[in-house]
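Dear colleague,

Please find below the structure that I was asked to pass on to you. My notes on it follow, and I would be grateful if you read them with the model open.

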Amino acid sequence: MKSAAVVNFAPAKGSVEIREIEKPEIGEDDVLLEVANVGVCGSDLHQWTADHSWPVNYPVVLGHEFGGHIAALGKRVVGWKEGDRVVSETAAVIDQNNPMSRKGLYNLDPTRKGFGYGVNGAMTRFVRVPARCLHAVPTQLSFEQACLTEPCCVAFNAVVENSRLKPGDRVIVIGPGTIGILCAAMARLCGAEVALVGLEADRQRLDVGKIYGCEGIVGDATAWAKQRDGLGADCIIDAAGASVTLKNAMQWVRPNGHITKVGWGPQPLNFSLDPIVQKNVTLQGSFSHNWPIWERVIALMAGGQLDVKPIIGGVWPVTEWHEAFEKMHSGAVVKSVLKPA
Ligand SMILES: [Zn+2]
């Protein structure tokens, strides 16, 4: 039985098409996951528009934000059964003996390969998933929402693990894409006052941030940063897709404050980093997530503290991937979700 899949087949811009693919074979430690929903990520768009900065194993099925039911189990898999509702982490291939993996930080194993670029992802009906990637999804959490566990985990790692927020902190999040909005929502959960900053073209997405109790600011956030005592914001979360925003972050952060960078931007910088020295600022990167983060985020989503419904702009069958990608690319929706055709 063949299924339609969204395949990124070459490095050139626009090299994405629907192909019919066979059901994958699974190994002894894998499950066959029947996809219910898969989120479109900024990185899927980057591979489509060929402005990504990571190696891709062409041809590859796109999609790493997914959930569904277990359809079959490898013979060494324990603790799961057919029909279980699950979501999957993204680190499809890791070296279990890498020192980072040994301390539970397998997301930072440099040999790690993820779904959607290293191995076939989930924009199709069936995907092969190592059982160690699975997390149970409670029945009250729909797959349309559960498939967004992954970007929520990116936000949790950036805001909770890699920043140091206290209730009442003033936090500026730069970039109102999925990750930025979820970082803003996460900072609100930590008890922070939050401003979400974007461009003129981002007004619609800034309005989504308001649903999470965040101020929306177009352009310059200096006044908001200085509002309390004139010194600047306690923490800046940079979730924009351009490196130049680091300049704003350095300007808006208060002395002894914290900047967490979670947005990617391959462009080189042409400005001085001296404000980091002068202000005694911590500049922190944040990448991916690991098992305890997934468990906590699923609990937040299932418990209703974290509601991702406001960011979902629509659900399309994989065969209509182009419209779903376009809508997100143009900023008309924050997040597009697909389902098997
Ligand atoms: Zn993603």
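**Findings in the predicted model**

The lining of the second largest pocket is made up of nine nonpolar, three polar and three charged residues. Please bear in mind throughout that this is a predicted model. The space in this second largest pocket comes to about 250 Å³. It is lined by 15 residues, and those closest to its centre are Pro 24, Val 119, Asn 120, Val 127 and Arg 128. Two elements, β2 (16-22) and β7 (126-130), each give two or more residues to this lining. The element that gives the most is β7, with four residues.

I turn next to the packing of the helices. Two packed helices are described by the angle between their axes and the distance between the axes.

Helix α4 covers residues 149-161 and helix α5 covers residues 178-189; their axes come within 8 Å and cross at roughly 55°. Because of this angle, α4 is oblique to α5. The crossing of α4 past α5 is right-handed. On the α4 side, the contact is formed by Pro 151, Cys 152, Val 154, Ala 155, Phe 156, Ala 158, Val 159 and Val 160, while α5 contributes Thr 178, Ile 179, Leu 182, Cys 183, Met 186 and Ala 187. In this contact of α4 with α5, 13 residues are nonpolar, one is polar and none is charged.

The other partner is helix α10, residues 291-302, which packs with α4 at an angle of about 110°, the axes being 9 Å apart. The angle therefore makes α4 roughly perpendicular to α10. The contact of α4 with α10 has nine nonpolar, two polar and three charged residues.

A further pair is formed by helix α1 (residues 42-49) and helix α11 (residues 321-329), whose axes come within 10 Å and cross at roughly 105°. With that angle, α1 is roughly perpendicular to α11. The residues in contact are Gly 42, Asp 44, Leu 45, Trp 48 and Thr 49 of α1, together with Trp 321, His 322, Phe 325, Glu 326, Met 328 and His 329 of α11. By class, this contact of α1 with α11 has five nonpolar, four polar and two charged residues.

Finally, two points concern the backbone. The peptide bond from Tyr 58 to Pro 59 is cis, and its omega is near -10°. Pro 59 lies in the loop between α1 and β4 (60-61). Asn 256 is placed in strand β13, which covers residues 253-261.

Yours sincerely

Definitions and conventions:
Residues numbered from 1 in each chain as written. Predicted model: local features only at pLDDT ≥ 70, side-chain atom pairs only at ≥ 80, totals over all residues. Heavy atoms only, no water. Axes fitted to C-alpha atoms, helices over the stretch in contact; angles between N-to-C directions. Parallel < 35°, antiparallel > 145°, perpendicular 65-115°, else oblique. Left-handed = near helix turned anticlockwise from the far one by under 90°. Contact = heavy atoms within 4.5 Å. Nonpolar A, V, L, I, M, F, W, Y, C, P; charged D, E, K, R; others polar. 1 Å grid on protein atoms, 1.4 Å probe; cavity = no way out; pocket = protein on both sides within 12 Å on 5 of 7 lines; lining within 4 Å. Points joined across faces, edges and corners; volume = space filled by probe spheres on them.
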